Amino acid sequence: MTDGFGSITWWGFSPALDLQQKGISDQLEKLKISQDACPDELKILVVGAGDVRHLLKTISSTWRHPKRKLHFYVIESALEVYARDMLLLNIALEPQNRMGLQEKTELFLEIFGNTYIRQQSCEYVEKMSTELIKMVTDFDYLEKRMNMVDLSQLKFKERDFLEGIFKFWRNPDKSVFDIAKSWDLRERNRLGVRYDSKKNVYDWDYHMKLAEAGADIIHKTEYSNWRDSGIAFTIREGTYDIPNKTLASGMIFKQEGERHARRGYWGDMIVSPFITFGIESDEKSFFKKTNELYTKTSENVSEFNVTSIFYELVHKEKYILPTTEPKPEAPKLQEITEEDEEETEEEVTSSVTNGDKPRPADNQYDPIPVENVKITFLPLNYIEDIKKKSKYNKLFHLVFFSNSMVHHLKPDITSIFADQCTLILETARFMLELKTEQTEEFVDKICGMAESAGFKVKLIY
């Protein structure tokens, strides 16, 4: 991939999917087979997704399908992605007594897609990093605190590296990661002489590429702001001035024959994190237009979709967009009795006392229980080794490949696919630096690869 997409995938380049719906349910409907004929436990392999969007969407939607166990196997190419996956899963499973639904949504999107975050969000990452270190180094503690995650398949050196990442996140020194400098240097290097007119470049990329690809719900202003600063979500008003260390990763450079490691921001700088949760929704009111312009933005769609996921994780029912209630009438002047004054004083005293209480996130982390779900993180780039292991023979009922990892889809990997396996391949639809003909060639290529592996092709996009 070219430099604009980066060397590490911090977020996916396609919307979140309920894999049971897009894969298993659709396949059974096509074959006219009852849902009851589906296996009691679905084994799902997710290769290179870059985030937990498919996992969260699928897990939160289990109430929509017949009850069965779900076992996800995740393969990525960078341990920093595994670290982010664990943190974002922990946020998703924050219990109500520690964090409300709105606060959880804001925190998730902020850490997910912003180069800079608020002070309280930074404090959360630092505190949770200590918890994550315990989980990585003590499997008994992991089982107690987050029993749906399985790290036992990772190599010792990979778990040690994860511990090092969490220790870096826990470091309160803000100067250890100058993300603004890293962002600006990459942008200067990428744009060259066009840097001084970068706003025009952003405008061109939006109108001629992003909007043309079908993501016009993303407003040009929010896209341009993200391209300029790396800040995508500012749902909660506040000061976003703390570097988001979860977006830091290392990269090796060669200079005069020597190799040098450099920490910086090496992720996507052209597509944006809006694609993941912000361009599709079951709530169609977000896509209404007035004078040919959307009345809502991608941030609004992202907020609703993430809130829906978190709500459905707990309540096992569809989240309904709250209706705007009419403003209450202004209070009328009335005589205040001595008794009323005493009640008012009590209310003020109560509010002051509540304000002095410790913050909810200071309570012990006991995640929302999730039944019948297991997530196994496999060693980095394990896709080349998985086909050699007999325990994975005909194991997976559904397999997802990202567009950056689909080159691993070769005929010799078919041994891991169960009978009637569903394969989902991510296209290059939103890879904006590719020309239209290149995007079409990519689709033709991956369709040919799928057919060579014995699959019948059906295009979703």
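**Briefing: burial, packing and charge pairing in a predicted model**

Serine 61 is buried, since its relative accessible area is 2%, below the 20% cut-off for burial. The structure described here is a predicted model. The largest nonpolar core comprises 133 residues, and the salt bridges number 19.

**Serine 61 and helix α2**

- Serine 61 is located in the loop that lies between α2 and β2 (69-75).
- Apart from neighbours within four places in sequence, serine 61 contacts Asp18 and Glu312.
- Helix α2 (residues 53-60) is largely enclosed by the rest of the structure, because seven of its eight residues are buried.
- The buried set in α2 consists of Arg53, His54, Leu55, Leu56, Thr58, Ile59 and Ser60.

**The largest nonpolar core**

- Within this core of 133 residues, the most contacts are made by Leu45, Phe72, Phe108, Ile375, Ile386, Phe401 and Leu409.
- Helix α3 (residues 79-92) is the greatest contributor to this core, supplying 10 residues.
- In soluble globular proteins, nonpolar side chains tend to be buried together.
- Phenylalanine 401, one of the residues with the most contacts inside the core, touches Val47, Ile383, Val406, His408, Leu409, Ile413, Leu423, Ile424, Leu425 and Glu426 when residues up to four places away in sequence are not counted.

**Packing of helices α5 and α7**

- Helix α5 (residues 119-137) and helix α7 (residues 156-170) have axes that come within 8 Å and cross at roughly 165°.
- The two helices, α5 and α7, are therefore roughly antiparallel to each other, as angles over 145 degrees are classed in this way.
- The crossing of α5 past α7 is left-handed.
- On the α5 side, the contact involves Val125, Glu126, Ser129, Thr130, Leu132, Ile133, Val136 and Thr137.
- On the α7 side, the contact involves Arg159, Leu162, Glu163, Phe166, Lys167, Trp169 and Arg170.

**Salt bridges**

- Side chains of opposite charge can pair when their charged atoms come close.
- Arginine 98 and glutamate 94 form a salt bridge with an N to O distance of 2.7 Å, and both of these residues are buried.
- Aspartate 205 is paired with lysine 209 in a salt bridge whose closest N and O atoms are 3.5 Å apart.
- Both aspartate 205 and lysine 209 belong to helix α9 (residues 198-210), where they are four residues apart, about one turn of the helix.
- Aspartate 205 is buried at a relative accessible area of 4%, whereas lysine 209 is partly exposed at 28% relative accessibility.
- Glutamate 384 and lysine 387 also form a salt bridge, with 3.1 Å between the closest N and O atoms.
- Glutamate 384 counts as partly exposed because its relative accessibility is 27%, while lysine 387, at 17% relative accessibility, counts as buried.
- A network of salt bridges links Asp51, Arg53 and Glu426.

Note on methods:
Residues numbered from 1 in each chain as written. Predicted model: local features only at pLDDT ≥ 70, side-chain atom pairs only at ≥ 80, totals over all residues. Heavy atoms only, no water. Core = buried A, V, L, I, M, F, W, Y, C linked by side-chain atoms within 4.5 Å. Buried < 20%, exposed > 50% of the residue type's maximum accessible area, 1.4 Å probe, protein only. Contact = heavy atoms within 4.5 Å. Salt bridge = Lys/Arg side-chain N within 4 Å of Asp/Glu carboxyl O. Axes fitted to C-alpha atoms, helices over the stretch in contact; angles between N-to-C directions. Parallel < 35°, antiparallel > 145°, perpendicular 65-115°, else oblique. Left-handed = near helix turned anticlockwise from the far one by under 90°.
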